[in-house]
Amino acid sequence: MLQQSLFLFLFFTLISSSLCGSSFRDEHLANLVEHTPGFDPSAYPSFFGTIDKDRPADDFKASFTSLQMKYEADQITESRRYDHLGTPGSSPGEVSVEDFRAEGYGESDDTEAFKKAWDKICSSDTDVQPVLVVPENKKYYVKPITFLGPCKSDSITLKILGTIEASNDPAHYKNDRYHWLLFYNINNFKVEGHGGTIDGNGNTWWENSCKINSSKPCTVAPTAVTFYQCHDLKVYGLNVQNAQEMHVSFEQSVNVQAVNIVVTSSGTSPNTDGIHVALSENVQLINPIIRAGDDCISIVNGSKNIEAIDVTCGPGHGISIGSLGAKKSEAHVSNVLVNGAKITGTMNGVRIKTWQGGSGYVENIIFQNIKMDNVGNPIIIDQNYCDQKSPCSEQSSAVQVRNIFYKNITGTSATKMTTTFNCSKTFPCEGIMQQEIDLVYKAK
């Protein structure tokens, strides 16, 4: 087991730099911000704070010290081996969906076969680890389904070699409009994508979205793959495409490692976030490749200790924390590291977005080692986010945004303003630091 305390290391790296000196001081922050490419003085409140203005530096350091992220390097290597060398041989505990008469022709309904196969392995209490296999070179048509735990075995594995394709008939989702494939309350669960694909078959949903056709009512569409209340979850080499709405969502889950997830859908597909994280802790997203119509990665309320490493993003809306605080709600996100990313042709780069009227905080966030190519709004904090047809009225409360680091972010911007901090008048941004930022507007 390889243990890393990445946030602690990065924190000491930042505070020991010549830019920051021995402490965080107002004059250093002011000089740094004023010389940032694309800086707009009017976007900053006059009392734009520093880290040690309202909270001691020792307190901030302690929050980093408490973070102990870890991952198993050998299992990451194993996942990449699957990608490059094909499918490993079968194991004694494997059960195939075809053992329960799944046909895999892409026309007949295989939902019941998937349910029976899952019930079989989830109820297995043998010494052999149960494995559910979706065979290769087949396409399985599946309606909404819940893979329910907890299971009797100490651990359980799902291998996806073929294609699972969703029903595109909204009538099939009348009991639950939010989910297609739902993995619920499963512990020590491993999902391995051995060249297989999960296809949300989302075109019908996109065409009927109010964001595509304003004459249509605004309604929710299913998330293609949801992991809900899963602990000690590993997802390797999963390919997800054409989601009805979001592609992959981790919700109320703890100790999650997702490696080599590939998300693909049209750049114009509405609300098709690549990877969504909500109410979850200790989540690692390693080497995801995301091409979608909305946020490549979205991290929302209740999430802490989140790492996104070596991200490929675009098209889409960039990497976002939020939105948070909608409808005067309270939200909390803390300890997020985005380390290494290539963002290309997206609407935004790295973004924090909060609604007026909300409460709570976004704190201890690091965006570093990011290369951008033709990206709109490369660096943006928007405490006045408003994603609705009618204008949002000014509110007196806001989600506090504090202790945000941007380091080694370079490349080209599709907008003249490369850095935008649209901060609240009543709860302004605090402790925003930038180092080694080199973003240049590239006219079309």
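This is a predicted model: local features need pLDDT of at least 70, side-chain atom pairs count only at pLDDT 80 or more; totals for chains, interfaces and linings use all residues.
Buried means under 20% relative accessible area, exposed means over 50%, and partly exposed is what falls in between (1.4 Å probe, protein chains only).

Residues are numbered from 1 along each chain as its sequence is written, and side-chain values use heavy atoms, with hydrogens and water left out.

**The whole chain**

Zoom out and switch to cartoon view. The chain's secondary structure comes to seven helices and 31 strands; helices (H or I, at least four residues) and strands (E, at least two) are DSSP runs, numbered from the N terminus. Of the 444 residues in the chain, 55% are buried. Now for contacts, meaning heavy atoms within 4.5 Å: among those between residues at least 6 apart in sequence, 78% join residues at least 24 apart.

**Disulfides**

How many disulfides does a search of the whole structure find? There are five, where a disulfide is a pair of cysteine sulfur atoms within 2.5 Å. Number the bonded cysteines in sequence order and the pairing reads 1-2, 3-4, 5-6, 7-8, 9-10.

Go back to C423 and C429, whose sulfur atoms sit 1.9 Å apart in a disulfide. The torsion about this S-S bond is about -100°, so the disulfide is left-handed.

Next, select C296 and C313, which are joined by a disulfide with an S to S distance of 2.1 Å. This pair links distant parts of the chain, 17 residues apart: C296 is in the loop between strand 21 (289-291) and strand 22 (297-299), and C313 is in strand 23 (residues 303-313). Its S-S torsion is about 80°, so the disulfide of C296 and C313 is right-handed. C296 is buried at 0% relative accessible area, and C313 counts as buried at 1%.

Then try C386 and C392, a disulfide with its sulfur atoms 2.0 Å apart. Here the torsion is about 85°, so this disulfide is right-handed. Are its cysteines buried or partly exposed? C386 counts as partly exposed at 31% relative accessibility, and C392 is partly exposed at 26%.

One more cysteine to click is C230. The closest cysteine sulfur to its own is in C151, 9.6 Å away, which is too far for a bond. C230 is buried, with a relative accessible area of 0%.

**The core**

Select F227, F250, F367 and Y406. Of the 92 residues in the largest nonpolar core, these four touch the most other members. A nonpolar core is a set of buried Ala, Val, Leu, Ile, Met, Phe, Trp, Tyr and Cys residues joined through side-chain atoms within 4.5 Å. Stay with F227 and show its neighbors: leaving out residues up to four places away in sequence, its contacts include F183, F189, V191, L233 and F250.

**A cavity**

Select F114, L132, V134, F147, L158, I164, L181 and F183, which line the largest cavity. Strand 5 (131-134) and strand 10 (179-184) are the elements that give two or more residues to that lining. On a 1 Å grid over the protein atoms alone, a cavity is a set of points where a 1.4 Å probe fits but cannot get out, and lining residues have an atom within 4 Å of a point. The largest cavity holds about 30 Å³ of space.

Most residues other than glycine have a negative phi, and most peptide bonds are trans. Here are some exceptions to click on.

- G314 and P315 are joined by a cis peptide bond, with omega about 5°. P315 is in the loop between strand 23 and strand 24 (319-324).
- The peptide bond from G322 to S323 is cis, with omega near 10°. S323 is in strand 24.
- N185 is not a glycine, yet has a positive phi of about 60°. Look for N185 in the loop between strand 10 and strand 11 (187-193), where this residue is partly exposed at 25% relative accessible area.
- N305, also not a glycine, has a positive phi of about 60°. N305 is in strand 23 and counts as buried at 12% relative accessibility.

Note on methods:
On a 1 Å grid over the protein atoms alone, a cavity is a set of points where a 1.4 Å probe fits but cannot get out, and a pocket is an open set with protein on both sides within 12 Å along at least five of seven lines; lining residues have an atom within 4 Å of a point. Grid points are joined across faces, edges and corners, and a volume is the space filled by probe spheres set on the points.
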